[in-house]
Amino acid sequence: MTEPTALVRGMLEQHGLDVEDSCWDCHGTLVILHKACQIIAQRSGIEFGLPYLVESDPDNSTVVVLVTGSMEQDGVRRTEWSFGEASPSNSRNSYPYAMAEKRAKDRVTLALAGVHGYVYSE
């Protein structure tokens with residue numbers, strides 16, 4: 001498995017997660033499991049707003065959503081937002097709305113956890 005940076009390892013440990021159970025190696029890139037992102041969001045107190053549909057084309061299985069999340073950290077409320085997208089060109093799943101939401105929430109979670117760009121979500 002690709003070794004996580006000290007920043008990623010520390011973030012996982014802070015939330016009681018083990019690298020081997022929470023991540024996998026995708027051709028040399030460290031990828032965190034969605035269930036681990038959900039645990040991080042819950043334990044961090046991240047609150048998500050309702051997703052905003054940027055693009056919705058069910059006939060072509062194409063969806064883009066915008067998700068905002070926020071959390072209190074050291075007495076300061078931090079907010080991040082990100083897009084999640086799903087289409088036949090980037091997903092083989094038959095549930096594009098759920099996939100787009102998952103991707104957006106995972107990206108927001110990783111940004112609020114301070115590790116976006118150091119680890120990617122599945």
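Tutor: Helices (H or I, at least four residues) and strands (E, at least two) are DSSP runs, numbered from the N terminus. The model is predicted: local features need pLDDT of at least 70 and side-chain atom pairs pLDDT 80 or more, while totals for chains, interfaces and linings use all residues. Residues are numbered from 1 along each chain as its sequence is written, and side-chain values use heavy atoms, with hydrogens and water left out.

Student: Which strands supply residues of the nonpolar patch?

Tutor: Strand 4 (52-57) and strand 6 (76-86) each supply at least two of its residues. The patch is made by Tyr52, Val54, Trp81 and Phe83 and covers about 450 Å².

Student: Why is valine 54 called partly exposed?

Tutor: Buried means under 20% relative accessible area, exposed over 50%, and partly exposed in between (1.4 Å probe, protein chains only). The 43% of valine 54 therefore makes it partly exposed.

Student: Which residues gather in the patch of negative charge on the surface?

Tutor: They are Glu13, Asp18, Glu20 and Asp21. Asp and Glu count as negative and Lys and Arg as positive, while His and the chain ends are not counted. Aspartate 18 is in the loop between helix 1 (6-14) and helix 2 (19-22), and its 36% relative accessible area makes it partly exposed.

Student: Is valine 119 buried or exposed, and how do you know?

Tutor: Its relative accessibility is 2%, so valine 119 counts as buried. Valine 119 is placed in the loop between helix 4 (96-112) and strand 7 (120-121).

Student: What does valine 119 touch, not counting residues up to four places away in sequence?

Tutor: With contact meaning heavy atoms within 4.5 Å, valine 119 touches Val8, Leu30, Val31, Ile32 and Leu110.

Student: How many salt bridges does a search of the whole structure find?

Tutor: The search finds 6. A salt bridge is a side-chain nitrogen of Lys or Arg within 4 Å of a carboxyl oxygen of Asp or Glu.

Student: How do you know that glutamate 3 forms a salt bridge with arginine 9?

Tutor: The closest N and O atoms of this pair are 2.9 Å apart, which falls within the limit. Glutamate 3 counts as exposed at 58% relative accessibility, whereas arginine 9 counts as partly exposed at 28%.

Student: Why is the pair of arginine 107 and glutamate 85 said to tie parts together?

Tutor: Their side chains meet in a salt bridge at 2.9 Å, N to O. Arginine 107 lies in helix 4 and glutamate 85 in strand 6, so the pair ties together parts that are 22 residues apart in sequence. By contrast, glutamate 101 and lysine 105 both lie in helix 4, 4 residues apart, or about one turn of the helix. The side chains of glutamate 101 and lysine 105 also meet in a salt bridge, at 3.0 Å from N to O.

Student: What is noted about phi of histidine 27?

Tutor: Phi of histidine 27 is near 55 degrees, a positive value in a residue other than glycine. Most residues other than glycine have a negative phi. Histidine 27 is in the loop between strand 1 (23-26) and strand 2 (29-32), and its 80% relative accessibility makes it exposed.

How values were computed
Patches are made of residues with over 30% relative accessible area and no salt bridge: like charges are joined within 9 Å, nonpolar side chains (Val, Leu, Ile, Met, Phe, Trp, Tyr) within 5 Å. Accessible areas come from the Shrake-Rupley method with a 1.4 Å probe; for residues, only the protein chains shown count as cover. The place of a charge is taken as NZ of Lys, CZ of Arg, CG of Asp or CD of Glu.
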